[in-house]
Amino acid sequence: MFLLLVTIVLFVSCGEEEPVADFTWTPEISTAGQEVTFTNLTEEARSYSWDFGDSSTSSLANPVHTYTNPGEFTIELVASNRSKSDVATRTIMVIGR
(Lines give C-alpha, C1' and ligand atoms only; values in the text may rest on other atoms or scores of the structure.)
Protein backbone atom coordinates (compact mmCIF):
# COMPACT_ATOMS: atom_id res chain seq x y z
CA MET A 1 0.00 0.00 0.00
CA PHE A 2 2.79 2.43 0.90
CA LEU A 3 4.56 1.74 -2.39
CA LEU A 4 1.35 2.45 -4.31
CA LEU A 5 0.91 5.78 -2.52
CA VAL A 6 4.52 6.84 -3.26
CA THR A 7 4.10 5.88 -6.91
CA ILE A 8 0.91 7.96 -7.20
CA VAL A 9 2.52 11.01 -5.57
CA LEU A 10 5.55 10.79 -7.87
CA PHE A 11 3.36 10.35 -10.94
CA VAL A 12 1.18 13.35 -10.11
CA SER A 13 4.10 15.67 -9.31
CA CYS A 14 6.09 14.60 -12.39
CA GLY A 15 3.15 15.36 -14.66
CA GLU A 16 2.87 18.97 -13.57
CA GLU A 17 4.35 21.58 -15.88
CA GLU A 18 6.91 24.05 -14.58
CA PRO A 19 5.48 27.56 -14.16
CA VAL A 20 6.86 30.38 -16.27
CA ALA A 21 6.62 33.62 -14.27
CA ASP A 22 6.01 36.83 -16.20
CA PHE A 23 4.17 40.11 -15.66
CA THR A 24 3.61 43.64 -16.91
CA TRP A 25 2.38 46.81 -15.21
CA THR A 26 0.65 50.06 -16.05
CA PRO A 27 1.48 52.84 -16.09
CA GLU A 28 5.05 52.00 -17.11
CA ILE A 29 6.35 55.12 -15.33
CA SER A 30 4.30 55.93 -12.27
CA THR A 31 4.00 59.05 -10.16
CA ALA A 32 4.30 58.67 -6.39
CA GLY A 33 0.81 58.19 -4.98
CA GLN A 34 -0.56 56.74 -8.22
CA GLU A 35 -1.93 53.18 -8.39
CA VAL A 36 0.11 50.68 -10.40
CA THR A 37 -1.77 47.69 -11.81
CA PHE A 38 0.24 44.49 -12.21
CA THR A 39 -0.95 42.01 -14.84
CA ASN A 40 0.19 38.46 -14.22
CA LEU A 41 1.12 36.63 -17.44
CA THR A 42 2.31 33.49 -15.65
CA GLU A 43 1.41 30.08 -17.03
CA GLU A 44 1.04 26.84 -15.06
CA ALA A 45 1.02 28.40 -11.57
CA ARG A 46 -1.41 28.06 -8.66
CA SER A 47 0.00 30.60 -6.18
CA TYR A 48 1.82 33.91 -6.36
CA SER A 49 4.11 35.87 -4.08
CA TRP A 50 4.84 39.48 -5.01
CA ASP A 51 7.50 41.73 -3.46
CA PHE A 52 7.08 45.32 -4.63
CA GLY A 53 10.54 46.46 -3.51
CA ASP A 54 9.24 48.89 -0.89
CA SER A 55 8.57 46.41 1.97
CA SER A 56 5.09 45.66 0.59
CA THR A 57 3.95 42.24 -0.60
CA SER A 58 0.88 40.51 -2.03
CA SER A 59 -0.34 37.01 -2.83
CA LEU A 60 -3.01 38.12 -5.31
CA ALA A 61 -2.73 36.99 -8.92
CA ASN A 62 -3.12 40.57 -10.30
CA PRO A 63 -2.43 43.08 -7.53
CA VAL A 64 -2.72 46.85 -7.52
CA HIS A 65 -0.07 48.73 -5.54
CA THR A 66 0.59 52.38 -4.72
CA TYR A 67 4.17 53.59 -4.31
CA THR A 68 4.20 56.51 -1.89
CA ASN A 69 7.77 57.65 -2.60
CA PRO A 70 9.67 58.23 -5.83
CA GLY A 71 12.57 55.96 -6.77
CA GLU A 72 13.55 52.83 -8.57
CA PHE A 73 11.96 49.65 -7.20
CA THR A 74 12.69 46.03 -8.02
CA ILE A 75 9.56 43.90 -8.23
CA GLU A 76 9.79 40.16 -7.76
CA LEU A 77 7.08 37.64 -8.60
CA VAL A 78 7.46 34.05 -7.43
CA ALA A 79 4.94 31.83 -9.19
CA SER A 80 4.44 28.30 -7.89
CA ASN A 81 2.42 25.18 -8.42
CA ARG A 82 2.46 22.14 -6.13
CA SER A 83 6.06 21.13 -6.84
CA LYS A 84 7.83 23.80 -8.89
CA SER A 85 8.32 27.57 -8.97
CA ASP A 86 9.76 30.31 -11.16
CA VAL A 87 10.78 33.91 -10.48
CA ALA A 88 10.39 37.04 -12.62
CA THR A 89 12.11 40.28 -11.63
CA ARG A 90 11.57 43.73 -13.15
CA THR A 91 12.46 47.31 -12.16
CA ILE A 92 9.89 50.11 -12.04
CA MET A 93 10.59 53.84 -12.01
CA VAL A 94 8.39 55.99 -9.77
CA ILE A 95 8.78 59.75 -10.20
CA GLY A 96 7.90 62.55 -7.78
CA ARG A 97 4.81 64.67 -8.10
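## A buried ring

F38 has a relative accessible area of 0%, so this residue is buried (under 20% relative accessible area, with a 1.4 Å probe and protein chains only). W50 falls into the buried class too, at 1% relative accessibility, and F23 is likewise buried.

A word on the model: it is predicted, with local features needing pLDDT of at least 70 and side-chain atom pairs counting only at pLDDT 80 or more, while totals for chains, interfaces and linings use all residues. Residues are numbered from 1 along each chain as its sequence is written, and side-chain values use heavy atoms, leaving out hydrogens and water.

## Rings that meet at W50

There are 7 aromatic pairs in the structure, counting rings of Phe, Tyr and Trp (its six-membered ring) whose centres lie within 6.5 Å; planes under 30 degrees apart are stacked, over 60 edge-to-face and the rest tilted. In one of these, the centres of F23 and W50 are 5.0 Å apart with planes at 70 degrees, so the rings meet edge-to-face. F23 belongs to strand β1 (residues 23-26) and W50 to strand β4 (residues 47-51), so this contact ties together parts 27 residues apart in sequence. Strands here are DSSP runs of E, at least two residues, numbered from the N terminus.

W50 also pairs with F38: their ring centres are 5.4 Å apart and the planes stand at 50 degrees, so this pair is tilted. It links distant parts of the chain, as F38 is in strand β3 (residues 35-40) and W50 in strand β4, 12 residues apart.

## The cluster and a charge

Ring pairs join F23, W25, F38, W50 and F52 into a cluster. Over the ring of F23 sits the charged end of R90, 5.2 Å from the ring centre; the criterion is CZ of Arg or NZ of Lys within 6 Å of the centre and within 35 degrees of the ring normal.

Key. Helix = DSSP H or I, 4+ residues; strand = E, 2+ residues; numbered from the N terminus. Buried < 20%, exposed > 50% of the residue type's maximum accessible area, 1.4 Å probe, protein only.
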